[in-house]
Each structure stands twice: as structure tokens, then as C-alpha cells.
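Here are some notes for a colleague who is coming to this structure for the first time. Please read them with the sequence and the model side by side.

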Amino acid sequence: MEKLNKFPKLFLAVVFIILYTPIFYLIFYSFNSGGSMSGFESFTLEHYAAVFEDKRLIVILLNTIVIALMSALVSTTIGVLGALAIVFIKNKKMRNAVLSLNNILIVSPDVIIGASFLILFTLLGVKLGFASVLISHIAFSIPIVVIMVLPKLLEMSPTLIDAAVDLGATKRDVLTRVIIPFIKPGIFAGFFLALTYSLDDFAVTFFVTGNGFSTLSVEIYSMARTGITLTINALTGLIFAITVAIVFGYYALSRRTKTPSSGVRK
């Protein structure tokens, strides 16, 4: 029994090692004074200084963050409304059909989605750049938000809405004071997942980006063909450190809000 209990922990440790080793490998060589990852010469911070000196790289990073935040906000809003529409469709066949169409977009290869958007923008005469990338990211993020919000909506008892209506609540009150607070965990999950997908996306962005505009994933791919400098390693280290700080900060705030007050009645 003890061996069986240790196996999940061992398996989890192996998974984490496989996932984090490449990241720490990149970060380790971001401190290398040499110009490559073939051998570590000596410790230096010059590559981190180069990140802040490279204005083009900073602009590309800001482009990536702005696109991710805007697409996550818009797709979360539309996705929540879409999930509500799916739940309140009375015709079961139509509801299942709409849900199936939503799920197809999630499992469709990014290459197909990117090529489809490229053809659409070309036919409509839309200039490839910020707008085309933003629209594409919103589009492929909406189904993700719908999937994250739907389970919370299905968990909600219809009697909550009936009780609110009986107490004189308007449709707006029902939405803002009953439904939204109940599905808030699903909304936040959908937002952060859409944010993550947008930050990581390469295939769709590669098809719909134009001259003069780029995101971090496309830029790294372009640099990989000529040789990636250790400046990218340093940027990876900074992004990883900020991400870890945000995650730990979130858990610290969550733990603080869940901790009961110290005053106890006797």
C-alpha cells in the first residue's frame, strides 16, 4: 500500500521535472556571458539590460500583452452572453447543435482557423495588423469562455431565478445580482484561460499578422531561423518571474480572504 501511495507523488514529480527543466535551462543560460547556450562562461546581467534597451522587443511584448488583455475582456463578455443564450434555449436539439458548433471550434486545428481568417480578411479587404490579430484572438477565445461558464450555469438552480422574480427583481437585477455572482468563478476561469491562449498563440497569429506588427511568439519564430540571442532567454526569465509572482500573490490574497477573523466570541 505504501508503494501505491508513493507512486502518484513520484509520477507528479517526474511530470513537473519534465515541464520545468527546459524553462530553468533557458533561465540559467540567460546569465551566461557567452553568446550561446553551448557552454556557460561566467555570470552576467548584460542580457537582462539588453531586454530593456531593445525598444522593438519592448513594443512587441506590449503588443502581445495588449492583444491578450483586450481579446480576453471582449471574448469573456461575449462568451458569458453566449453561454446564457445556450442555457436558455428551450429547444433541446437546437441547444445541442449550437453547443456542438462551439465545441468544433475548440478542437479545430489552429492552422485551419488561421488560414480561414486570412482568406476572410483578404476577401473583406481588411488590412493585416493589430485589428486582424485582435479579431482572430477574440474569435477563438469565445468558445473557450463558453465551455468554462456553462458548467456553473448548469449547476445553478432555476429556483434562484424564480425566487428573485417573485421578490420583484427585474431581468437586469436577475442577471447582475443572481446569475453573475453565482457564475463568477467560471467567468474568471474563462478570462484567464482566454488570456493564456492569446499570449501563447502562434499559428493563428502567424497567418493574420502583417508588416509592422508582431507578437512575441511570431517574433521568436522569426528569430529562430537566424539564431536566437540570449536576450530572449532573459525575457523568458522575466516573464516567468512575473508569472510566478502573480500566482503566489493570487494564492496569498485568496488565503487571506478565506482566513476567518481572529476575534472569536466566547
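1. The largest cavity holds about 40 Å³ of space, and the count of cavities of 30 Å³ or more comes to 1. Please keep in mind throughout that this is a predicted model.

2. The lining of the largest cavity is made by Thr-64, Ile-67, His-137, Ser-198, Leu-199, Asp-201, Thr-205, Thr-215, Leu-216 and Ser-217. The elements that contribute two or more residues to this lining are α3 (55-87), α9 (184-200) and α11 (216-224).

3. How many residues of each class line the largest cavity? Sorted in this way, the lining has 6 polar residues, 3 nonpolar residues and 1 charged residue.

4. Is Ile-138 buried or exposed? This residue, which is part of helix α6 (residues 130-155), has a relative accessible area of 14% and is therefore buried, given that the term applies under 20%. Along the chain Ile-138 and Thr-76 are 62 residues apart, while in the model their C-alpha atoms are separated by 8.8 Å.

Notes:
Residues are numbered from 1 along each chain as its sequence is written. This is a predicted model: local features need pLDDT of at least 70, side-chain atom pairs count only at pLDDT 80 or more; totals for chains, interfaces and linings use all residues. Side-chain values use heavy atoms; hydrogens and water are left out. On a 1 Å grid over the protein atoms alone, a cavity is a set of points where a 1.4 Å probe fits but cannot get out, and a pocket is an open set with protein on both sides within 12 Å along at least five of seven lines; lining residues have an atom within 4 Å of a point. Grid points are joined across faces, edges and corners, and a volume is the space filled by probe spheres set on the points. Helices (H or I, at least four residues) and strands (E, at least two) are DSSP runs, numbered from the N terminus. Ala, Val, Leu, Ile, Met, Phe, Trp, Tyr, Cys and Pro count as nonpolar, Asp, Glu, Lys and Arg as charged, and the others, Gly among them, as polar. Buried means under 20% relative accessible area, exposed over 50%, partly exposed in between (1.4 Å probe, protein chains only).
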